[in-house]
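These are my notebook entries on one chain. I list what I looked up and what I found.

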Amino acid sequence: MSNPSKLIVLDKAHSLLQDLNEAVERMRKPHLADLKKQLIKTAVSIVSNIAEGRRRESQREFLNFLNIALGSTGELETQLRAANDCHALPASTHDELAKRAEEVGKMLSGLKRRIMEDLNGEES
């Protein structure tokens, strides 16, 4: 578990962050500056927690960081909904980013499930 770059969910989350950053840069509503910052901060949190957890000593620690990343994924989905409600993003951009955030969330849930199964197998 020492190379986080080989984790597909990390690559997907990083790609989402890059595309979200591009979308946020195109947002032209100055009163939404805080939302723009929060969108990026949350996407960075997802990527950072996956990578940090991957470098931890144990699967249990990794699981904790995956839980945090999963929580941030839910937060990002909500922030994207708020951006959509404020007409800050084109509908097609919102839909694509929301779909990808959901995919990252599902991948994180699947990875968590697999790690918990491995941990339960070790305890048997």
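Entry 1: Does His 87 count as buried or exposed? I found 62% relative accessibility for His 87, so it counts as exposed. The classes I use are buried for under 20% relative accessible area, exposed for over 50%, and partly exposed in between, with a 1.4 Å probe and protein chains only. I placed His 87 in the loop between α3 and α4 (91–123). I also noted its phi, which is near 55°, a positive value in a residue other than glycine. For background, most residues other than glycine have a negative phi.

**Entry 2: ground rules.** I am working from a predicted model, where local features need pLDDT of at least 70 and side-chain atom pairs count only at pLDDT 80 or more, while totals for chains, interfaces and linings use all residues. Residues are numbered from 1 along each chain as its sequence is written, and side-chain values use heavy atoms, with hydrogens and water left out.

**Entry 3: the whole chain.** I counted the secondary structure as four helices and zero strands. Helices (H or I, at least four residues) and strands (E, at least two) are DSSP runs, numbered from the N terminus. Along the sequence I read the pattern α-α-α-α. The C-alpha trace spans about 55 × 20 × 20 Å along its principal axes. Of the 124 residues in the chain, 39% are buried. I then looked at contacts, meaning heavy atoms within 4.5 Å. Among contacts with a separation of 6 or more, 74% come from residues 24 or more positions apart.

**Entry 4: α1 against α2.** I took the axes as lines fitted to C-alpha atoms, for helices over the stretch in contact, with angles from 0 to 180 degrees between N-to-C directions. The axes of α1 and α2 come within 9 Å and cross at roughly 165°. That makes α1 roughly antiparallel to α2. The cut-offs are under 35 degrees for roughly parallel, over 145 for roughly antiparallel and 65 to 115 for roughly perpendicular, with the rest oblique. I noted the crossing of α1 and α2 as left-handed, meaning that the near helix is turned anticlockwise from the far one by less than a right angle. On the α1 side the contact includes Leu 10, Leu 17 and Val 24, and on the α2 side it includes Leu 39, Val 47 and Ile 50. I sorted the residues of this contact into 14 nonpolar, two polar and one charged. Here Ala, Val, Leu, Ile, Met, Phe, Trp, Tyr, Cys and Pro count as nonpolar, Asp, Glu, Lys and Arg as charged, and the others, Gly among them, as polar.

**Entry 5: α2 against α3.** I found the axes of α2 (residues 33–54) and α3 (residues 59–85) within 8 Å of each other, crossing at roughly 160°. The two helices α2 and α3 are therefore roughly antiparallel. Their crossing is left-handed. By class, I have 14 nonpolar, eight polar and three charged residues in the contact of α2 with α3.

**Entry 6: α3 against α4.** This pair packs at an angle of about 160°, with the axes of α3 and α4 9 Å apart. The crossing of α3 and α4 is left-handed. Their contact divides into 17 nonpolar, seven polar and six charged residues.

**Entry 7: salt bridges.** I took a salt bridge as a side-chain nitrogen of Lys or Arg within 4 Å of a carboxyl oxygen of Asp or Glu. By this rule I counted five salt bridges.

- Glu 103 pairs with Lys 12, with the closest N and O atoms 3.4 Å apart. Glu 103 lies in α4 and Lys 12 in α1 (residues 8–25), so the pair ties together parts 91 residues apart in sequence. Glu 103 is partly exposed at 33% relative accessibility, and Lys 12 is partly exposed at 34%.
- Asp 19 meets Arg 100 at 2.6 Å, N to O. Asp 19 lies in α1 and Arg 100 in α4, so this pair ties together parts 81 residues apart in sequence. Asp 19 is partly exposed at 28%, whereas Arg 100 is buried at 15%.
- Arg 56 meets Glu 61 at 3.7 Å, N to O. Salt bridges that share partners join Glu 52, Arg 56 and Glu 61 into one network. I found Arg 56 partly exposed at 34% and Glu 61 partly exposed at 30%.
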